[in-house]
Amino acid sequence: MHEEIHTYTWYVGDGGMPGGLTQAQAYAAFADAIDNITKTYNDCGISDTVDAKSSYAGTSTYEADINASSQCTPRDEQNTWDAGDLAAGHLAVTCSWTVDGTTSNLRELVEADVRYNTTDNNFTNSPSSSCVNLYDIRAVGTHEAGHVFGMDHVSAAHPDLTMSPSINACDTSDRTLGRGDYLTLEAIY
């Protein structure tokens, strides 16, 4: 994805969805999360100059290539977002597969799947003031979409960045990028 503008074409799996969403509702939440990365929505007033692109391809009978131990399994050549069982302690996991780039030292993304852990965690699409122990689908999705587009975790010393290694229950702040998140995307794209 890094050498020239490539489009991340993705699907919603046909299994259960976080927060009990329908596939259509999950699509809207996942698309918003991906857009938060590709359109670099941020709290800093920085204009979008990042050339990351995505395209929704519909629903799929494929599942994310991630097992219940949160390990990547052999890829099926389809970018799928879904929900299911993951290792305890993981809200969600992204598995991505890359190949060596042809004109630079960067790696090119060939597939990235995302799975929310609905076995050990509860999610909501709209946290309210009465929210307790529910994780925001869009905040978690924005973080995972950051991984899809090549971003790694930042130090826990930067809890205000979307790519911080932890997200608090009921917190929607990770739906928008911090300056460090934006600068990382700008460096990649």
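Is Arg 175 buried, partly exposed or exposed? I looked it up first: Arg 175 is partly exposed, with a relative accessible area of 22%. I use buried for under 20% relative accessible area, exposed for over 50% and partly exposed for in between, with a 1.4 Å probe and protein chains only.

**Ground rules**

I am working on a predicted model, where local features need pLDDT of at least 70, side-chain atom pairs count only at pLDDT 80 or more, and totals for chains, interfaces and linings use all residues. I number residues from 1 along each chain as its sequence is written, and side-chain values use heavy atoms, with hydrogens and water left out.

**Overall fold**

I counted three helices and seven strands in the protein chain. I took both as DSSP runs numbered from the N terminus: helices are H or I with at least four residues, strands are E with at least two. In sequence order the pattern reads β-α-β-β-β-β-β-β-α-α. The radius of gyration is 16 Å, close to the 16 Å from the globule rule for 189 residues, so the chain is as compact as a globular protein of that length. That radius is taken over C-alpha atoms, and the rule is 2.2 Å times the number of residues to the power 0.38. I noted the span of the C-alpha trace along its principal axes as about 50 × 40 × 30 Å.

I then checked burial: 44% of the 189 residues count as buried. The chain exposes about 8900 Å², and carbon and sulfur atoms supply 44% of that area. These areas come from the Shrake-Rupley method with a 1.4 Å probe; for residues, only the protein chains shown count as cover.

Contacts came next, meaning heavy atoms within 4.5 Å. Of the contacts with a separation of 6 or more, 65% are between residues 24 or more positions apart.

**Charges**

I found 8 positive and 27 negative charges, and their mean positions are 4 Å apart. Lys and Arg count as positive, Asp and Glu as negative; His and the chain ends are not counted. I placed each charge at NZ of Lys, CZ of Arg, CG of Asp or CD of Glu.

**Salt bridges**

How many salt bridges does a search of the whole structure find? I got six. The criterion is a side-chain nitrogen of Lys or Arg within 4 Å of a carboxyl oxygen of Asp or Glu.

I started with Arg 115 and Glu 63, whose side chains meet at 3.7 Å, N to O. Arg 115 is in strand 5 (residues 107-117), while Glu 63 is in the loop between strand 2 (53-59) and strand 3 (79-84), 52 residues apart. Arg 115 is buried, at 7% relative accessibility.

Arg 115 also pairs with Asp 82, at 2.8 Å, N to O. Asp 82 lies in strand 3 and Arg 115 in strand 5, so this bridge ties together parts 33 residues apart in sequence. Asp 82 is buried too, with a relative accessible area of 3%.

I went back to Arg 175, which forms a salt bridge with Asp 136 at 2.7 Å, N to O. Arg 175 sits in the loop between helix 2 (137-148) and helix 3 (179-188), and Asp 136 in strand 7 (residues 135-136), 39 residues apart. Asp 136 counts as buried, at 0% relative accessibility.

**Positive phi**

Most residues other than glycine have a negative phi. I noted Ser 70, with phi near 65°. Ser 70 lies in the loop between strand 2 and strand 3 and is buried at 14% relative accessibility. I also noted Cys 170, with phi near 70°. Cys 170 is in the loop between helix 2 and helix 3 and is partly exposed, at 22% relative accessible area.

**Two neighbourhoods**

Which residues does Gln 78 contact, leaving aside its neighbours within four places in sequence? I listed Tyr 11, Ser 60, Tyr 62, Glu 111 and Asp 113. Gln 78 lies in the loop between strand 2 and strand 3 and is buried at 12% relative accessibility.

I ended on Val 110, in strand 5. Val 110 is partly exposed at 32% relative accessibility. Not counting residues up to four places away in sequence, Val 110 touches Arg 75, Asn 79, Trp 97, Thr 98 and Val 99.
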